[in-house]
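This report concerns the confidence, core and helix packing of one protein model. The sequence and structure are shown first.

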Amino acid sequence: MLRAVRRRRTALAVAAVAPVLAGCGSSGPTDEQLVARVVTAFGRATAAKDYRALCDRILSPSLIEQVTSIGLPCEQALEHGLGGVRSPQLTLGAVEVDGDKATAEVRTAAANQAPSRDTLRLEKVRGAWRVASLAQ
């Protein structure tokens, strides 16, 4: 009988502590980290001229609407605007998140172009961060 009581107490203790332990260290990435990932993906996709990734997964619907206002589909519009850029590089700086909006400071450089400091604006769209403006 004593063993049964001990097993029961142990089971109750484990049941009480398990939810606390499950939450430790496994909360997932922060919004700042998720924004940084999207900005990094933006830089890689731009350098690789992966316009499909930019249109499908990285740019927000509002930015795509602006890009396509020239009368071309998203991928063609980006190729038209970015196709001549050679060896683009993007360095991420400070990231700030405020609810469903975020900003990321970036330094950009490309062959035969002066380097610049810009601020990307991002917004959360259906639970995922997307680039909403290319510079402020």
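## Basis and confidence

This is a predicted model, in which local features need pLDDT of at least 70 and side-chain atom pairs count only at pLDDT 80 or more, whereas totals for chains, interfaces and linings use all residues. Residues are numbered from 1 along each chain as its sequence is written, and side-chain values use heavy atoms, with hydrogens and water left out.

The protein chain has a mean pLDDT (the predictor's confidence in each residue, from 0 to 100) of 85, and 79% of its residues reach 70 or more. Over residues 4–23, however, the pLDDT is below 50. Beyond near neighbours in sequence, this stretch has 0 contacts (heavy atoms within 4.5 Å) in the model.

## Nonpolar core

A nonpolar core is a set of buried Ala, Val, Leu, Ile, Met, Phe, Trp, Tyr and Cys residues joined through side-chain atoms within 4.5 Å. Buried means under 20% relative accessible area, exposed over 50%, and partly exposed in between, with a 1.4 Å probe and protein chains only. The largest such core has 24 residues, of which Leu 54, Ile 58, Leu 59, Leu 78, Leu 122 and Val 131 touch the most other members. At least two residues of this core come from each of α2 (31–48), α3 (51–58), α4 (61–67), α5 (74–82), β2 (101–110), β3 (113–125) and β4 (128–133). These elements are DSSP runs numbered from the N terminus: helices are H or I with at least four residues, strands E with at least two.

Leaving aside residues up to four places away in sequence, Val 131 touches Val 38, Phe 42, Ile 58, Leu 59, Ser 60, Leu 63, Arg 121 and Leu 122.

## Helix packing

Axes are lines fitted to C-alpha atoms, for helices over the stretch in contact, and angles run from 0 to 180 degrees between N-to-C directions. Angles under 35 degrees count as roughly parallel, over 145 as roughly antiparallel, 65 to 115 as roughly perpendicular and the rest as oblique.

The axes of α2 and α3 come within 8 Å and cross at roughly 155°, which makes α2 roughly antiparallel to α3. Here Val 38, Ala 41, Phe 42, Ala 45 and Thr 46 in α2 meet Ala 53, Leu 54 and Ile 58 in α3. For α3 and α5, the axes come within 8 Å and cross at roughly 125°; the two helices are therefore oblique to each other. Tyr 51, Arg 52, Leu 54 and Cys 55 in α3 meet Cys 74, Glu 75, Leu 78, Glu 79 and Leu 82 in α5.

## Thr 46
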